[in-house]
Amino acid sequence: MREDTIYAPASAIGGAIAVLRISGPRAGETVRILSADLTKKPREMRFVRILDGAETVDDSMAVFFPAPHSYTGEDMVEIDCHGGGQTVQRILALLSGLDFRPAEGGEFTRRAFLNGKMDLSQAEAVMDVITASAEQSLKAAMQQLHGSVSREVASIESLLLDALSGIDAAVDYPEEAEEDAYSALPEQLSHACGRIDRLLADGRRGRVLRDGMQVVILGRPNVGKSSLLNALLGQERAIVTSAAGTTRDVLDERTSIRGVPVRLLDTAGIRDAADEVERIGVTRAWKALETADIVLVLVDSSAPLTPEDMTLLQETANMTRIIVKNKSDLPSRCQLPEGMEATAIAVSAKEGTGLDLLSDRILALAGPSRADAAGITNERHLHALEQARIAVAAAMAAEELDCSATDIRSALHFLGEITGTDVDDAVIDRIFSRFCVGK
């Protein structure tokens, strides 16, 4: 445990109620500015007055959590006071007068990690819960906070430790155990490799729950890109006119589809631009494709394909894309090349038809099947898993048991980076640097 005692607001200041946190070995001394001794009745929220000498600063509620049964694993006090700025600042000044110090960003959760109240993957999930931008994002973050990642990693570590113990036994007792180790090792490593592969496959799709899915709307001018953006958002965000080339830049809007966060990028119409501003917009449209999870290639269902349409269909052939035939409320005059018609989706951005089918296809291509199946949503975790997968593959290919043992220990190191059992202080510092004060 840390020797100093810290404090910070754990909620926004300026609302009806503010929550203040105090954590550390001297947290119980907060009673010096309270009208009642919370430590005599731990874990019971009580009415108290905040006192500055004989003056009452505020009427509040407060509770004392003795170590180790608290969020941080240290003695903690939480005060629910009125949220006005003057009230909160006066109480914070009183806490400072007790020789407590202001907490750094993420320090409460960092102490929880260091005191063994949660592992590193769960600590990271705290911030994911706070910043979740859609329903499924929140569900995935809560799954991780409750240990979904920890359990998956622990199960793989168990397989690798079994394999490693077999190798160690073979080294110590070659006549009795070496043959058994050689025969059991391939299956053990293959099973571990399969578990990692499944986590990686789900994780790459599950990443969108944390970071959002990037969907780029691409098409020549006047096919209804901005109208489709507005229809998917459910509000008028892009200017829609009958004049071609209205959109001159990439419009970036956030929404959710079936509870999954999505970034929709409406791009300038692709054509040989007539002026410099439009040319820049077209260049940015092509640039947006480099980071897209899905490309929606729009064509006008009411008009024959143009050379610009054909160019877009050819340029996006190797991308994850959906061909969308817009203006389906009008008589159809568009015939797609062979093999594309069957998978195209007909919509009318004007009438709002076909949008449910389009949403289903977007999620089927790039979204997780459900939040609790995603497991890994953190890019750092995915990188560590990829490195562990490489190490396990090397262990499978090694001809000598001692070489396999070295690679297995390397894999365990990378898995330990996920949960924090084997991680550098620099990584820990970087993780908690993105936390806000009071968390």
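Helix 7 (225–233) and helix 10 (residues 355–366) pack at about 85°, their axes 11 Å apart. Axes here are lines fitted to C-alpha atoms, for helices over the stretch in contact, with angles from 0 to 180 degrees between N-to-C directions. Helices (H or I, at least four residues) and strands (E, at least two) are DSSP runs numbered from the N terminus. The angle makes helix 7 roughly perpendicular to helix 10, given that 65 to 115 degrees counts as roughly perpendicular, under 35 as roughly parallel, over 145 as roughly antiparallel and the rest as oblique. L228, A231 and L232 of helix 7 make the contact with L355, L358 and S359 of helix 10, where contact means heavy atoms within 4.5 Å. By class these residues are five nonpolar, one polar and no charged.

This is a predicted model, in which local features need pLDDT of at least 70, side-chain atom pairs count only at pLDDT 80 or more, and totals for chains, interfaces and linings use all residues. Residues are numbered from 1 along each chain as its sequence is written, and side-chain values use heavy atoms, with hydrogens and water left out. The mean pLDDT (the predictor's confidence in each residue, from 0 to 100) is 86, and 88% of the residues reach 70 or more. Over residues 238–248 pLDDT stays under 50, and the model has 30 contacts beyond four places in sequence for this stretch. Where pLDDT is low, the predicted coordinates should not be read in detail.

Two further helix pairs follow. The axes of helix 12 (residues 379–397) and helix 13 (residues 401–419) lie 8 Å apart at an angle of about 170°, so helix 12 is roughly antiparallel to helix 13. Among the residues in this contact are A384, L385, A388 and A391 of helix 12, and I408, A411, F414 and L415 of helix 13. The contact divides into 12 nonpolar, four polar and three charged residues.

Helix 3 (residues 120–131) and helix 4 (residues 135–145) have axes that come within 8 Å and cross at roughly 155°. Helix 3 is therefore roughly antiparallel to helix 4. Their crossing is left-handed, meaning that the near helix is turned anticlockwise from the far one by less than a right angle; clockwise would be right-handed. Residues of helix 3 including A125, V126 and V129 meet residues of helix 4 including L138, A141 and L145.

Side chains of opposite charge can pair when their charged atoms come close. The structure holds 23 salt bridges, each a side-chain nitrogen of Lys or Arg within 4 Å of a carboxyl oxygen of Asp or Glu. One of them joins R110 and D429, at 2.6 Å from N to O. This pair links distant parts of the chain, with R110 in helix 2 (residues 107–114) and D429 in helix 14 (residues 425–432), 319 residues apart.

Two loops have backbone features to note. The peptide bond from A67 to P68 is cis, with omega near 0°, and P68 sits in the loop between strand 4 (55–65) and strand 5 (76–82). N222 is not a glycine, yet has a positive phi of about 70°. The loop holding N222 runs between strand 7 (213–219) and helix 7.

Key:
Nonpolar A, V, L, I, M, F, W, Y, C, P; charged D, E, K, R; others polar.
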